[in-house]
Amino acid sequence: MVLFHYALVDDLITQEEFERRVEDKIGECGDLLDEPTAAMLVVGALGRQHVKVRELSGKSSLFCFFAKVIDKTEPKEFTRNDGEKGWVATLLVGDETGTTRVVLWDEKAGAALELTPGEVLEIIGRHPGKNTREIYALALRKATSEITCNVTAGGNGSGLSTEPVDLDALLIGADTPRAFTRRDGTTGEMMECVIGDADGTARLVAWAPDLLRDIPAGSTIHIAGAKPDRRSEGRAYSIDEMATVGFSDAVVTVPFAPLASVGDTGYYAVTGEVKTVQEPRSFTSRDGTASWVRNIRIGDGDEVLNVVLWGEKALAPVHPGDRVEIYHAAAKPGRFGSIELGVGRGSVFRVPHEETRAITFTGAIIRGNGCTFIDDGTERYLIGGEFPAGSEMKITGVLSGSRIIPDTAEPAEWCPEKVAERLAALVARLDALAPP
């Protein structure tokens, strides 16, 4: 353990100097300290402190932290690519700032047999490559520190078990089903959703979209056979043809996190009043398609949080003073040191008071700054989808705020009466803008 503690400061002093300081520290305390404790005191004196779990996403190559055991797997034997046998076990540990998975390889895997949930560990480890969602343990020992961690390995999928679970949850939002190709070349459909319960929000992937097709957002549902997804960041589940989904009479409340509690990692549901809004900006995504990004700031009392809206969410009609709700948004450090929430695919952005209604609207397609409008000379709406600029379209769909979500679209026929109406409306608008 002492050598591992030295690895935390090997860029500051030599190993010989470190060992001398450890011996001096033990002597100062009358031999009342063991070597690992004395080594940590020396590390602390050199300015390298234990980090919290949420700080494990930093760029350091080695981390030391205290955490409470939440769940564990038994050691499992496996065969490496070279034919050699190995052992692996996994711990789910956490503190008041979050949770992480700790992987124990080979001889360290046996330590899982001696651990029970609730025990506190001191862990030294590193990330496997660029994966910041788990830690490979280089050393660990039981500690007497007090750790606050409210996460438990319960039946709602929190923990390390991948066995299917039953959930009562609120269906917060669902994307449109989209096609995918299986490894054998066949195609299918899948749908991404966001659900929530008293433990927060979660991503739900439906590999059988018909299970949810007739269930509107805002419904409380009972899911039997949801499979926890341990590979995803945050809480996540998937359902397939073996699962069942139906309406539930359970009372489900999804808590909002105070804005002040949002850290630089993790997924959050928050609500607040829009303070500032920037215009959407267009960009080309990696796959060559057009997309949008928009920055807003929301506040609650004295707390203010930066929010980045991605994709079509950046085109949502929102104004200063609106009360908005955000679900399952990923937090990260912003460009200038502040924390920001990213709201894109897998998140829900909602203006609760926003009303929707069916609409059929005919107008000219106009390109804006990173967005598209349809204008009939009197009214103008944002519109989703790809339409040729300058074309005349008849759109049937849903009007949500100031944006039309199309169901059908067809070219509109020009007629002299419609052109005259459009010109008259345009002249009236220009007259209204002219100075007296």
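Student: Which residue follows α2, and what is its phi?

Tutor: Glycine 30 follows α2, and its phi is positive, near 65 degrees. This is a predicted model, in which local features need pLDDT of at least 70 and side-chain atom pairs count only at pLDDT 80 or more, while totals for chains, interfaces and linings use all residues. Residues are numbered from 1 along each chain as its sequence is written, and side-chain values use heavy atoms, with hydrogens and water left out.

Student: How do you know that the span of helix α2 agrees with its number of residues?

Tutor: A helix is a DSSP run of H or I with at least four residues, and its expected span is 1.5 Å times one less than its number of residues. Helix α2 has 14 residues (15-28) and should therefore span 20 Å, which agrees with the 20 Å between its end C-alpha atoms.

Student: Which residues of α2 are called buried?

Tutor: Buried means under 20% relative accessible area and exposed over 50%, with a 1.4 Å probe and protein chains only; in α2, Phe18, Val22 and Ile26 are buried. They lie on the same side of α2, because they cover an arc of only 75 degrees around the axis, taken from the directions from the helix axis to the C-beta atoms. The face turned away from that buried side carries the exposed Glu16, Glu23, Gly27 and Glu28.

Student: What makes a set of points a cavity?

Tutor: On a 1 Å grid over the protein atoms alone, a cavity is a set of points where a 1.4 Å probe fits but cannot get out. The search of the whole structure finds one cavity of 30 Å³ or more.

Methods. Helix = DSSP H or I, 4+ residues; strand = E, 2+ residues; numbered from the N terminus. 1 Å grid on protein atoms, 1.4 Å probe; cavity = no way out; pocket = protein on both sides within 12 Å on 5 of 7 lines; lining within 4 Å. Points joined across faces, edges and corners; volume = space filled by probe spheres on them.
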